[in-house]
Amino acid sequence: GAVVSQHPSWVICKSGTSVKIECRSLDFQATTMFWYRQFPKQSLMLMATSNEGSKATYEQGVEKDKFLINHASLTLSTLTVTSAHPEDSSFYICSASEMGLYNEQFFGPGTRLTVL
Amino acid sequence: GIQVEQSPPDLILQEGANSTLRCNFSDSVNNLQWFHQNPWGQLINLFYIPSGTKQNGRLSATTVATERYSLLYISSSQTTDSGVYFCAPDSGGYQKVTFGTGTKLQVIP
């Protein structure tokens with residue numbers, strides 16, 4: 001099956017610093033990647049859709065200046081949490097799908113961010 | 001946007017028991033996926049099932065798109081089946097999906 005990796009798996013940072021999370025599709029080309037956020041005991045909430053070579057599309061209520069997304073190649077998307085604050089602490093998960101409509105999404109293992 | 005409700009929210013099973021998880025959605029869909037989120041947070045693809053029935057080992061799923069629901073059957077449950085099960089139909093946009101509320105399953109020996 002398709003494999004998606006995420007790095008780092010966990011990160012602890014001080015308030016005010018920026019954190020970059022990488023999402024890679026290892027054995028397929030991902031024209032579209034998605035970034036989700038999950039709070040404890042809750043479902044996944046879509047933050048943004050990332051298409052290779054174009055600007056990300058953010059969901060309503062997601063600050064695009066705080067959560068910078070770059071999809072520079074068909075196998076890599078990055079999420080940068082800028083000037084992180086404790087309320088940004090969460091579990092961030094990426095997914096990727098191959099070219100085409102309504103394709104199956106495959107998920108990375110997630111990144112647990114703790115902001116002190 | 002599409003509303004996705006799953007039931008039951010919590011389920012405790014004795015090892016070896018069978019169960020049915022339900023996913024109701026408010027709009028017509030073009031695809032629907034079922035996932036198992038393990039205790040470490042990893043989402044594992046179970047089924048891609050926009051309609052009809054599929055089986056994979058002890059698991060099977062049925063989607064009745066015209067009636068806006070999908071079912072996940074787990075037979076002969078094992079402790080490794082514990083975790084949260086999510087359904088995620090597409091939400092009308094290009095490849096976007098909306099996750100349901102989830103069913104937390106605990107299988108006890």
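**Ground rules.** Residues count from 1 along each chain as its sequence is written, chains are lettered from A and ligands numbered from 1 in the order in which they are written, and side-chain values use heavy atoms, with hydrogens and water left out. Since the model is predicted, local features need pLDDT of at least 70 and side-chain atom pairs pLDDT 80 or more, while totals for chains, interfaces and linings use all residues.

**View 1. Chain A is built from strands.** Chain A has 0 helices and 11 strands (DSSP runs numbered from the N terminus: H or I of at least four residues for helices, E of at least two for strands). Its radius of gyration is 13 Å, close to the 13 Å from the globule rule for 116 residues, so chain A is as compact as a globular protein of that length (C-alpha atoms only; the rule is 2.2 Å times the number of residues to the power 0.38). Of those 116 residues, 49% are buried (under 20% relative accessible area, 1.4 Å probe, protein chains only).

**View 2. A:Tyr36 meets A:Phe107.** This pair is tilted, with 5.5 Å from centre to centre and 40° between the planes (ring centres of Phe, Tyr or the six-membered ring of Trp within 6.5 Å; planes under 30 degrees apart are stacked, over 60 edge-to-face, the rest tilted). A:Tyr36 belongs to strand S4 and A:Phe107 to strand S10 of chain A, so the pair ties together parts 71 residues apart in sequence. Both residues are buried.

**View 3. A:Phe107 also reaches across to chain B.** The ring centres of A:Phe107 and B:Phe99 are 5.7 Å apart with planes at 85°, so this one is edge-to-face. Relative accessible area is 4% for A:Phe107 and 8% for B:Phe99.

**View 4. An open sheet in chain B.** Five strands line up as S1-S3-S8-S7-S6, with antiparallel pairing (strands pair at two or more DSSP bridges, that is, at least two). S1 and S6 are at the edges with a single partner strand each, so one side of each has no neighbour in the sheet. Between S7 and S8 there are 6 bridges, and B:Thr63 has B:Ser70 as its bridge partner.

**View 5. An arginine over a tyrosine.** The charged end of B:Arg22 sits over the ring of B:Tyr69, 4.2 Å from its centre (NZ of Lys or CZ of Arg within 6 Å of the ring centre and within 35 degrees of the ring normal).

Terms used
Buried < 20%, exposed > 50% of the residue type's maximum accessible area, 1.4 Å probe, protein only.
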